[in-house]
Amino acid sequence: MQVVVTTDQEAAGEYAADIVQRRAEEGALHVLGVATGSSPLPVYEALERRALAAVRAARAFALDEYVGLPPGHPESYRSVIAREVTDRLGLDPARVEVPDGSVEGLRTAGARYEELIAAAGGVDVQILGIGTTGHIGFNEPTSSLASRTRVKTLTEQTRRDNARFFDSPDDVPRHCVTQGLGTILDAREIVLVAIGSRKAAAVAAAVEGPVTAMCPASVLQLHPRVTVVVDEAAAAELRLRAYYDEVFAHRPDWQV
Ligand code: GLP
């Protein structure tokens, strides 16, 4: 796992965008995995400025969706991804997928989503945020480290964290459909972005703690190609901070 500490969120976005751009230039970016939340927004803004043809031509898969929001609800992840990713990056909306969070489709939503990802050839670069509970996607603590796309129940903490997007905390759905940890690990490369002091404990647990379902993001330690891009505040609880800076300062030319 490579940890890159940047001065601020804009620099974090630029660094993550560098990785996406490098893969695009290598001809290895056909399917982009995209996340909602505020942390990845600087990445999308940086990619929007770069207007890369390979990104515009890519397919995209979102990580997760709330269950039961009415179609077109502005805070459904389908709407958020359309606004923040599809529009900004100039993707073809027909090539952007979000799990089906409709109540009628729930029984098959997970399996259908897994099939779609597999048929697209798998995810080349997965962009991730991290929740204060250590979740990635919506894989809350005690999620199976081998899980596939399925329905999950949100923790109270996540519902509180996400209440800012809804009129009332009670409006935050209790359930979601999320790619599993096993699904996320299938991506060829993963870039996790975390911004701000609220994420410092989760970042430290994910990077330096034991691999445990109690911190779902810690499963990323099992993936061979992960970059964790954080700002100073999110890096505050990392014990090996000096080492990460040294690795970064002496990174080989070919490495982004
Ligand atoms: C939601 C999403 C996650 C995201 C998390 C953190 O819960 N399901 O994918 O990482 O929010 O969001 P933020 O970056 O806004 O703190």
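The legends below accompany close-up views of a predicted model.

**View 1. The largest nonpolar core and the surroundings of Val230.** The largest nonpolar core holds 65 residues, and within this set Ile136 and Val230 touch the most other members. Helix H1, spanning residues 9-25, is the element that gives the most to this core, contributing seven residues. Once residues up to four places away in sequence are set aside, Val230 touches Val3, Val4, Val5 and Thr6, together with Ala194, Val203 and Ala235. Another core, of ten residues, lies apart from the largest one, and among its members are Leu69, Phe138, Phe166 and Cys176. In soluble globular proteins, nonpolar side chains tend to be buried together.

**View 2. The packing of helix H1 against helix H2.** The axes of H1 and H2 lie 7 Å apart, and the two helices pack at an angle of about 60 degrees. This angle makes H1 oblique to H2, and the crossing of the pair is right-handed. On the H1 side, the contact involves Gln9, Glu10, Gly13, Glu14, Ala16, Ala17, Asp18, Val20 and Gln21. These residues meet Pro42, Val43, Ala46, Leu47, Arg49 and Arg50 of H2. Sorted by class, the contact of H1 with H2 comprises seven nonpolar, three polar and five charged residues.

**View 3. The packing of helix H2 against helix H4.** Helix H2 (residues 41-50) and helix H4 (residues 77-89) have axes that come within 9 Å and cross at roughly 15 degrees. Because angles under 35 degrees count as roughly parallel, H2 is roughly parallel to H4. The crossing of H2 and H4 is left-handed. H2 contributes Leu41, Tyr44, Glu45, Leu47 and Glu48 to the contact, while H4 contributes Glu84, Val85, Arg88 and Leu89. By class, five residues in the contact of H2 with H4 are nonpolar and four are charged, with no polar residues.

**View 4. Thr86 in helix H4.** Thr86 lies in helix H4. With a relative accessibility of 6%, Thr86 counts as buried, because the limit for a buried residue is under 20%. Leaving aside neighbours within four places in sequence, Thr86 is in contact with Ile81, Leu91, Asp92, Pro93 and Val96.

View 5. Ala51 is not a glycine, yet has a positive phi of about 45 degrees. Ala51 is found in the loop that joins H2 to helix H3 (53-56), and a relative accessibility of 43% places Ala51 among the partly exposed residues. Thr142, likewise not a glycine, has a positive phi of about 80 degrees. The loop between strand E6 (125-128) and strand E7 (150-153) contains Thr142. At 56% relative accessibility, Thr142 counts as exposed.

**View 6. Leu145 in the loop between E6 and E7.** Leu145 lies in the loop between strands E6 and E7. The relative accessible area of Leu145 is 29%, which makes this residue partly exposed. Leu145 and Cys215 are 70 residues apart along the chain, and their C-alpha atoms are separated by 10 Å. Apart from neighbours within four places in sequence, Leu145 is in contact with Leu181, Gly182 and Leu185, and also with Val211, Thr212, Ala213 and Val219.

View 7. Glu232 lies in the loop between strand E10 (226-231) and helix H9 (241-249). With a relative accessible area of 39%, Glu232 is partly exposed. From C-alpha to C-alpha, Glu232 and Ile195 are 8.1 Å apart in space, although 37 residues apart in sequence. Not counting residues up to four places away in sequence, Glu232 touches Val5, Thr6, Thr7 and Arg241. Val5 and Thr6 are also among the residues touched by Val230.

**View 8. His30 in the loop between H1 and strand E2.** His30 is found in the loop between H1 and strand E2 (31-34). Residues up to four places away in sequence aside, His30 touches Ala58, Arg59 and Asp124.

Note on methods. Residues are numbered from 1 along each chain as its sequence is written. Side-chain values use heavy atoms; hydrogens and water are left out. A nonpolar core is a set of buried Ala, Val, Leu, Ile, Met, Phe, Trp, Tyr and Cys residues joined through side-chain atoms within 4.5 Å. Buried means under 20% relative accessible area, exposed over 50%, partly exposed in between (1.4 Å probe, protein chains only). Helices (H or I, at least four residues) and strands (E, at least two) are DSSP runs, numbered from the N terminus. Contact means heavy atoms within 4.5 Å. Axes are lines fitted to C-alpha atoms, for helices over the stretch in contact, and angles run from 0 to 180 degrees between N-to-C directions. Angles under 35 degrees count as roughly parallel, over 145 as roughly antiparallel, 65 to 115 as roughly perpendicular and the rest as oblique. A crossing is left-handed if the near helix is turned anticlockwise from the far one by less than a right angle, and right-handed if clockwise. Ala, Val, Leu, Ile, Met, Phe, Trp, Tyr, Cys and Pro count as nonpolar, Asp, Glu, Lys and Arg as charged, and the others, Gly among them, as polar.
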